[in-house]
Amino acid sequence: MEPLTWTGSFGTFLDPIFWVVAWVFIAAVALQIIGSWVLPPVAESINLDGTITRTMGPNLAIRMLVKASLLTLLALCVLYILAGMFTPLGTVGIIGAVAAQFAPVWIALVVTFLVSISYKRRLGLYGKLFDSTIGMIGFALLMFWFYTAVFVGLFDMIATHDPLTQLSGMKNKLPGTPLRSPEEGQFSYYLLGGDNLARDVFSRMVNGSVIVIVIAPFATLFAFMVGITLGLPAGYFGGKLDALLSFLANLVLAFPVILLFYLLVTPEIVATGIPNYMAMVLFVFPIIFVGVLLNSRFYTRPKLRTPLLSGVLLVMIWVYLSAISADGTVINVLPGVMDLFNINSGILVVFVSVVFVNSPTVFRIVRGLVLDIQTRDYVAAAQTRGEGPWYIMLWEILPNARGPLIVDFCLRIGYTTILLGTLGFFGLGLPPESPDWGTTINDGRKLLSIYPHPAIVPAFALLSLVLGLNLLADGLREESLRD
Amino acid sequence: MMLLTALCLTYIVFFLTNMYPNLEKLAKTQGNFRMSEEAVASFLEDRGYLQPTPVKYMQWLGVMPGFSLEKEDGTLLGKCVRPGISPEDTPRFCGILQGDWGFSTVAKEPVANVLGSRLANTGKLMFWVMVVMVPSALIVGVLAGMREGSGTDRSLSTVSILSTATPEYVSGVIFIAMLASTRNGLGPWLHEMGLIEGKALFKGTAKSAMDGITFQNFTLPVLTISLYGMGYIARMTRASMAEVMTAQYIRTARLKGVSFRNIVMKHALRNALIAPFTVIMLQFPWLLNGVVIVETLFSYTGFGWQLVNAAGNNDIEMLLAVSVVSVFVVLVTQLISDIGYVYLNPRIRIS
């Protein structure tokens, strides 16, 4: 079989158009930047009747050009994707085949956007996101990887091969290489090439997204739980508690992150069980948080409070115990029958260390916000009403601090993704054959100047996810500042 | 306070590196890999590794006499023993307070010697990073912030978001693949056009940069580190510039008829640079992170490379020295940023 080219026969007539439009777009953007300095911002022309017409002059024309070329570019991209989805394999080459593999993701993305945009006025801050272009682009990138992870992780779709299977003769093969002897029902190409152990780069990349999408948001959420549970009282009560907690937070922050990772994530330390003990401590915080949250709200209504609180706490403690206890580690409290799930020890270590690194920063942010909000009138009003300190912290201060916290949450998921990549890059935590992006980049960098594709593909995947989160945070910040 | 932080941190590092599995690994790499349990224990016992951790920590600090043991055959083993120094000259105390940073078990050399040269290498790298990063970040930030919402602002902001979203190991990999390869990317293309002599534009490793820094071997490491920090500083500068440009006194100046160039250069710039100064100072600890990644990626034997090497081999005293240095850097930059903030901001200075 012939190897696939990037855009196939379809590209022979569309590629030149694409490049022309792309260059026009780049030139127009450059012209716009120069134009905003050189050209006058307004052009005035005096009409015969003595009135003055004021237009934007040549700047307007340039702006139209930028917009038109960008839209054409997007339309061409959509065309490639659609053509790839609806024509047989090979007509649109590698790009078409990849687009066809991602078909469920495209459908889910389009549905999400159509539904969200049509109901955006009723959806609060989430709906406002669809008013800003930047926010929409960021959201699209994030959801792209989210849906990819869902379809790969739950339905086993998208990926063309098993991420760990090595096929003979595919070592370091270039993108689009056909399999040497494809079996019945096997996808007959390595779409984005093979890595140095003859595994499919494309399948590894999409499987890596599952690991990132599962760990990064959860780790960030836990870091927020820890940071909020400790930051609220530190800011609200101040005094010795604040001094102690701030000292501890600064202590962790003064550590170079990579040194901390090297100290916590090596197999020797894992054998001592320190990460398990840390997990034991860190995983308590969500229980405390939810318990105090519910109790402070409903303690005046014991009939509702007691069953609700005990039910929620029972479930959470059960999940907590099954999360921390696992066979063969230092902590094994639950009998096997009651143990709901076991977290892979490599993932647990990575998770714990990422939470540990992130929570002091969250703590500092929350503490600062509390110090600011504490002086507001509604806090004084609640104090006069005789509300307890925890009610004020959790139901008066926290909701009013949500704007900056949501924005920081998005940014921090991106940062956590970078940290996960760093761990993988140094070969810490996850097993060496794991398909996550950091490990794959580390694998591929040895032969980088000869065979760049095994490292470049996960690198761009990671870049696009983090970029998406940053753009989303930017859009959210703009929209939340507007009200 | 700083001293307390430094003590706590080094103690944590000390505690973690002195866990038994780590010591076992140390013994096996020092002795041989097929040592039995008992052999490992006696190896560690002889060298004083099995004393309680606080005692060992005191010895490392130099407030307690270093461990020493004389074997039956008359050889002296101990913390203060160095090859080439006779037992009579071996001092009783050898810790940080005596100016002795210990002995690297991997390099077989005193830590101070190794770390000194590594720090010099990293110093060169950091110097060039600062030279590239700070001016470009400030220029980008000021240009974007002086006309908020304009086309320039939007394009430059997008660029800075992109650069903050690109961690060093991603941008480094992309740079090497695009600019330092003899088979792909820009190098062969420029070579065909006759613009450059070699097939690759830059070098993918910085190994030769230890002997002499050239444009070819140092551009990519410097660029990789600068890029990640640049976006963040540029965004801070942009935000502070945009805020200053809406201030009352700028409007007054504009109404007086001062030209836009003069407003930016004489009125706005100084006030807009106060906030980025703190940010630049607080970036140092982050740069340390970038340095570790970039030095590993480009195999440049500096401080970061040494950190990875020491941590990978559980070179306890080297790791401690590394953490002392990095904690020192973090705390000093915090101090400088506080002092500089007061100095730059007249409102705080006067009150």
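Where in chain A is A198(A) found? Before I answer, a word on the model. This is a predicted model, in which local features need pLDDT of at least 70 and side-chain atom pairs count only at pLDDT 80 or more, while totals for chains, interfaces and linings use all residues. Residues are numbered from 1 along each chain as its sequence is written, and chains are lettered from A and ligands numbered from 1 in the order in which they are written.

To the question, then. A198(A) sits in the loop between β4 (189–190) and α7 (201–237) of chain A; helices (H or I, at least four residues) and strands (E, at least two) are DSSP runs, numbered from the N terminus. The residue is not a glycine, yet its phi is positive, near 65°. A198(A) is partly exposed, since 16 other C-beta atoms lie within 10 Å. On this scale a residue is buried with 20 or more other C-beta atoms within 10 Å of its own, exposed with 12 or fewer, and partly exposed in between, the C-beta atoms being placed from the backbone.

S299(B) belongs to the loop between α12 (274–297) and α13 (303–313) of chain B. With 12 other C-beta atoms within 10 Å, S299(B) is exposed.

Finally, chain A as a whole. Its secondary structure comprises 19 helices and four strands, and its C-alpha trace spans about 80 × 70 × 45 Å along the principal axes. Of its 483 residues, 42% count as buried. Taking contacts (C-beta atoms, placed from the backbone, within 7 Å) between residues at least 6 apart in sequence, 68% in chain A join residues at least 24 apart.

Definitions and conventions. Contact = placed C-beta atoms within 7 Å.
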